[in-house]
Amino acid sequence: MDLREAGQEPGRETAAPRGPRRAPLLAILVLGGLTAPNPGFAQDRPATARPAQPAPKAASPAKPAAPDPAFEATRTAFEVLTEADRKAIQDALVWTGDFNAVVSGAFGRRTFDALTAYRTRTGGADPLELRGRAALLAAGEAAKVAARFRIAADPATGAVIGVPERLLLKRTALPAGTRWQSADGRVTLESRAIPPGGETLDSLFDQLTAPLPNRKVTYKLRKPESLVVTAETASGLSYVRYDAGPQGVRGFLIGYDRALAAEVGRLVIAVANAFAPFPAGADAAHPKVAASAPAGSAAAPPPTTAAPTGAGTGLVIAPGRVLTAAAVLEGCPAPRIGQATARVLATDPAGLALLEATGIPAPVRVPVRADPPAADEALIALAPGADGVLAAPATAVTGGVIAPLQPGSAGAPVLDRSGRLVGLVARYPAAARRVSGIVPPARLALVPAQAVAAFLAGQGIAEAKPRPEFGPGTAASAIVGITCR
C-alpha cells in the first residue's frame with residue numbers, strides 16, 4: 001500500500017506472495033524473515049593516470065514539463081467539492097481497490113490515477129459529477145458491507161477503530177487492548193493503550209526500528225505526536241501506528257501472511273484511515289465514525305444538529321411526487337420538502353405515503369425487486385445527510401435490515417446491488433441507542449417492495465423496468481429530506 005500522498009503515513013507495495021503462515025502478530029514483527037542487506041562501505045583505490053578529457057559541454061536548461069490538461073481539469077473539479085465529499089470519494093476509491101493512500105481530501109497524482117482507473121474500469125459516469133459520485137459511493141459502501149467493516153469505539157483503549165469483521169472473526173480481550181484474528185490465525189489486528197508515564201513514542205520507535213536479523217523495516221515515520229513503521233519477514237507483513245496525547249499513547253498493529261497481501265492490503269489502508277486515537281469527548285461521535293452515520297465515507301461527519309420533529313426521507317418517483325413511509329407523517333400536519341410545503345396525496349395501510357411538492361429534484365424510476373432478499377444479503381440504504389445524499393451499508397434480516405442509520409431515515413429506500421428497491425425503512429426509533437456517542441447498527445423494519453409496487457400501481461405510477469446500467473447509486477439524485485414542523 002502507499003499512504004504518502006498526504007505526507008502522513010508510510011507507503012509500500014506489498015511483495016510477491018509466499019507460503020502460508022500461522023504465527024501470531026508479535027512473531028510477525030520479530031521472528032524469522034528477510035534479513036536487511038548490509039549497506040557495505042566504499043573502498044579506497046589508488047589513483048591512476050588518465051588522459052586529459054575535454055571539458056563537458058554545459059547542459060541545456062531543462063524545459064518545464066507541459067501541464068497535463070486532464071490532470072488540471074480533474075484537480076479543478078475535485079477541489080471545488082467540500083472536504084467531506086473529497087474524503088468520501090477517496091475512501092470509496094480505497095474500497096473499490098483504486099486508491100492506496102491516505103484519505104486526506106487533498107488532490108495529487110494518486111487521486112487522479114485512482115479516479116481515472118475507476119472511470120475506465122466501470123465505463124460509467126464521471127465520479128466527480130453527482131450521478132457518478134453517488135454510484136462510486138454506493139460501490140464503496142457495498143465493498144464495506146461485504147467486508148463487514150465496522151467503525152466503533154474500542155472499550156479497551158478508548159480509540160475509534162475500524163475492524164473488517166467478516167475476516168477477523170475472533171475477538172480476545174488483552175490487558176491493554178483488544179485482539180481480532182482471522183479464523184486461521186493468518187491475520188491479526190491488535191489495539192493497544194499505554195497510560196501516561198509508560199512507554200513513549202521514542203522508546204516504541206526505537207524498538208520497532210531496531211535491526212533484527214530476520215526482519216526488514218520497509219518504512220518508518222516519526223512525527224512529534226505519532227509514528228508509523230512497516231516491516232516484513234520471509235512470511236509476513238506488518239503495519240504499526242502509535243499516537244501520543246494527554247491520555248497516553250494509543251495505537252494498533254496489523255500482521256498478516258504475505259500470501260494474503262492482495263486481499264488484506266486494502267483493509268490495512270481502511271483501518272489506518274478510520275483510526276481515531278483520541279475521539280473528541282466520550283459523548284461526541286468522531287468524524288471518522290462511519291458506523292454512526294449513513295455515510296459513503298469513513299470520514300463523513302454525522303449531522304451536528306438534531307433532526308426536526310418527524311423528519312424523514314423521501315424518494316421522488318414521478319414529477320412532483322415523493323414516496324415515503326407513513327410514519328414520517330405521524331403528528332405532522334404540515335410536512336415540508338426543502339422550502340416547499342408538501343401535500344399528502346395518499347396513504348396506505350402497509351405504511352406508505354405519497355406526497356406532492358414543487359421545486360423538487362427530477363424523478364428516478366427505481367425498479368422494484370420481486371423476491372425478498374436473502375438472509376445476510378448486503379444492501380444499501382440512501383438517506384439525506386449533512387453533506388448531501390449518503391449511502392449506508394445494510395444487512396438483510398427477516399422483516400427488515402440492520403443498518404447504522406441516523407434520525408431522519410424513516411422512509412429511506414433500501415436497494416440491492418443491482419439498484420432494485422427492496423423496501424422502505426418503515427420508521428426510525430424515537431430514541432436511538434448510543435454507545436460512547438456512536439449510533440451503532442440497529443434492526444429496522446421495512447415496508448417490503450411488494451407493498452410498494454402495489455401502492456404505486458394504485459396511484460397510477462407505472463412499474464419501472466430493470467436496466468443493466470442501473471446501480472444503487474443511481475437513485476441518489478432523487479433522495480429528499482422531509483421535515484415536519
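Guide: Helices (H or I, at least four residues) and strands (E, at least two) are DSSP runs, numbered from the N terminus. This is a predicted model, so to speak of local features we need pLDDT of at least 70, and side-chain atom pairs count only at pLDDT 80 or more, while totals for chains, interfaces and linings use all residues. Residues are numbered from 1 along each chain as its sequence is written, and side-chain values use heavy atoms, with hydrogens and water left out.

Our strand is S7, residues 226-232. Which of its faces are covered? Both are: Ser226, Val228, Thr230 and Glu232 are buried on one side, and Leu227, Val229 and Ala231 are buried on the other.

Now for the neighbours of S7. Two strands pair if DSSP finds at least two bridges between them. Strand S6 (residues 216-223) runs antiparallel to S7, with seven bridges in the pairing. To find your place, look at Tyr219, whose bridge partner in S7 is Thr230. S6 and S7 make a hairpin, with two residues between them. Strand S8 (residues 236-245) also pairs with S7 in the antiparallel sense, over seven bridges. Here Val229 has Val240 in S8 as its bridge partner, and the hairpin from S7 to S8 passes through three residues.

On a 1 Å grid over the protein atoms alone, a cavity is a set of points where a 1.4 Å probe fits but cannot get out, and lining residues have an atom within 4 Å of a point. Grid points are joined across faces, edges and corners, and a volume is the space filled by probe spheres set on the points. Searching the whole structure turns up three cavities of 30 Å³ or more. The second largest cavity has a volume of about 60 Å³, and its lining consists of Pro164, Leu167, Leu168, Val187, Leu189, Ile254, Val264, Leu267, Val268 and Val271. Strand S5 (187-194) and helix H7 (261-274) each bring at least two residues to that lining, and H7 gives the most, with four.

The expected span of a helix is 1.5 Å times one less than its number of residues. H3 (residues 83-95) has 13 residues and so should span 18 Å, and its end C-alpha atoms are 19 Å apart, which agrees. Because 11 of those 13 residues are buried, H3 is largely enclosed by the rest of the structure. Among the buried ones are Arg86, Asp91 and Trp95. Just after H3, Gly97 has a positive phi of about 85°.

Seven strands form an open sheet in the order S13-S12-S22-S10-S11-S15-S14, paired antiparallel. Its edges are strand S13 (340-341) and strand S14 (343-348), each of which pairs on one side only. Within that sheet, S11 (residues 321-325) has four of its five residues buried, so it is largely enclosed by the rest of the structure. Strand S10 (residues 312-318) runs antiparallel to S11 and is joined to it by three bridges, with Ala318 standing opposite Arg321. Their hairpin has two residues between the strands, and Gly320 in it takes a positive phi near 75°. Strand S15 (residues 352-356) is antiparallel to S11 over five bridges, and Val322 has Leu355 in S15 as its bridge partner. Elsewhere in the sheet, three bridges link the antiparallel strands S12 (residues 335-337) and S22 (residues 479-484), where Arg336 has Thr483 as its bridge partner.

Notes:
Buried means under 20% relative accessible area, exposed over 50%, partly exposed in between (1.4 Å probe, protein chains only). On a 1 Å grid over the protein atoms alone, a cavity is a set of points where a 1.4 Å probe fits but cannot get out, and a pocket is an open set with protein on both sides within 12 Å along at least five of seven lines; lining residues have an atom within 4 Å of a point.
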